[in-house]
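Colleague: I have not looked at this one before. Can you take me through a few parts of it?

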Amino acid sequence: MQASQGRSAGLGLALASAFAFGGSGVAAKPLIEAGLDPLHVVWLRVTGAALVMLPVAWRHRDLLRRKPALLAGFGLLAVAGVQAFYFASLSRIPVGVALLIEYLAPALVLGWVRFVQRRPVTRAAAVGVVLAVGGLACVVEVWAGLSFDALGLLFALAAACCQVGYFVLSDQGGTEADTADPLGVIAYGLLVGAAVLTVVARPWGMEWSLLAGNADMGGTDVPAALLLGWIVLIATVVAYVTGVVSVRRLSPQVAGVVACLEAVIATVLAWVLLREHLSAPQILGGAVVLIGAFIAQSSAPKAPSGPVAGGPPVVTEGAAAAGPASVDAELPAGADRA
């Protein structure tokens, strides 16, 4: 009974994380259309969240000594890596293609669990991934803008790999005897990510005055500061916290599939708030993603059956996507984590 309740709570947190991450694009698009550079929006998002989490970082400052590799990995992969590689891919390939490739992360998580960690993967999780990726292809209408740019595809695949790091590192942080508090990991991950993105985004050239005005959201003027507040507090702080805790209660492979719902949520919110049209294939694809996520989460993850391949665990004593990530996010971000 207790295990079932914990799993239900984990699923609820995963859904909350998917909703929070999925809403980031709807809030960010008006700011970008108002004149802010996409990378500057990402920098504001991560840096703002890092400042919010500063008291948490101070409280868990012992993690700097106990888990330096975990904190650095989480910041580089789950926060900065997903963001930077996703936006780099967008400069060369269509959004739908980049989004689909990034959300191959759940399939890559299954490969990591099965072949690197040598842990059994349930058939339901594998079927769920196949359905979720297929449905996601319909949601983003990948056929509407196929163009093959080798470097752009590599950037998108790198974002997917960083999202895998989000899910794997989120799980590693909670499976050791000397566990790392998820809030502390998130706080330092955001600080590391903010430092890296400062170099990439170069915010000193940003038009700060735009934040004092309004932005158009589906025909309605909304204060830019309010949209930024949503992105920082809900789409980043709340999204990462619920995401990491959900991975620890479920498993990387199951949480990764549920994270595919972010694209569906983003599409639906864009339909409602930004007046963007949804086609029949997108609606059908969203239903398939939901079915895939349900199938994957309905099968309980299996316990490790042997030692991790190639030596000790990824994160060791004294040593995070994702977001995503998969940060997956991924922690996850998927595209909307970016």
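**Helices, core and a loop**

Modeller: Helix 11 and helix 12 are oblique to each other. Keep in mind that this is a predicted model.

Colleague: At roughly what angle do the axes of helix 11 and helix 12 cross?

Modeller: They cross at roughly 135°, and the axes come within 10 Å.

Colleague: Is the crossing of helix 11 and helix 12 left-handed or right-handed?

Modeller: Right-handed. On the helix 11 side the contact is made by Pro182, Leu183, Val185, Ile186 and Leu190. Helix 12 brings Thr236, Tyr240, Val241, Val244, Val245 and Arg248.

Colleague: How do the residues of that contact divide into nonpolar, polar and charged?

Modeller: Nine are nonpolar, one is polar and one is charged.

Colleague: Next topic. Which residues have the most contacts inside the largest nonpolar core?

Modeller: Leu31, Phe74, Tyr166, Leu190 and Tyr240. That core has 72 residues. Helix 12, residues 224-249, gives the most to it, with 10 residues.

Colleague: Leu31 is new to me. Which residues of helix 2 are buried?

Modeller: Leu31 is one of them, along with Ser24, Val26, Ala27, Ala28 and Pro30.

Colleague: And how do helix 2 and helix 3 cross?

Modeller: The axes of helix 2 (residues 24-33) and helix 3 (residues 38-52) cross at roughly 130° and come within 10 Å. The two helices are therefore oblique to each other, and their crossing is right-handed. Ser24, Ala28, Leu31 and Ile32 of helix 2 make the contact with Pro38, Val41 and Arg45 of helix 3. By type, the residues of this contact are five nonpolar, one polar and one charged.

Colleague: What follows helix 2?

Modeller: Gly35, which has a positive phi, near 130°.

Colleague: Let's switch to another glycine. Where does Gly218 lie?

Modeller: Gly218 is in the loop between strand 1 (214-217) and strand 2 (220-223).

Colleague: Why does Gly218 count as partly exposed?

Modeller: Because its relative accessibility is 22%, and buried would mean under 20%.

Colleague: What does Gly218 touch, leaving out residues up to four places away in sequence?

Modeller: Leu273, Leu274 and Arg275. Gly218 and Val272 are 54 residues apart in sequence, while their C-alpha atoms are 8.5 Å apart in space.

Note on methods:
Residues numbered from 1 in each chain as written. Predicted model: local features only at pLDDT ≥ 70, side-chain atom pairs only at ≥ 80, totals over all residues. Heavy atoms only, no water. Axes fitted to C-alpha atoms, helices over the stretch in contact; angles between N-to-C directions. Helix = DSSP H or I, 4+ residues; strand = E, 2+ residues; numbered from the N terminus. Parallel < 35°, antiparallel > 145°, perpendicular 65-115°, else oblique. Left-handed = near helix turned anticlockwise from the far one by under 90°. Contact = heavy atoms within 4.5 Å. Nonpolar A, V, L, I, M, F, W, Y, C, P; charged D, E, K, R; others polar. Core = buried A, V, L, I, M, F, W, Y, C linked by side-chain atoms within 4.5 Å. Buried < 20%, exposed > 50% of the residue type's maximum accessible area, 1.4 Å probe, protein only.
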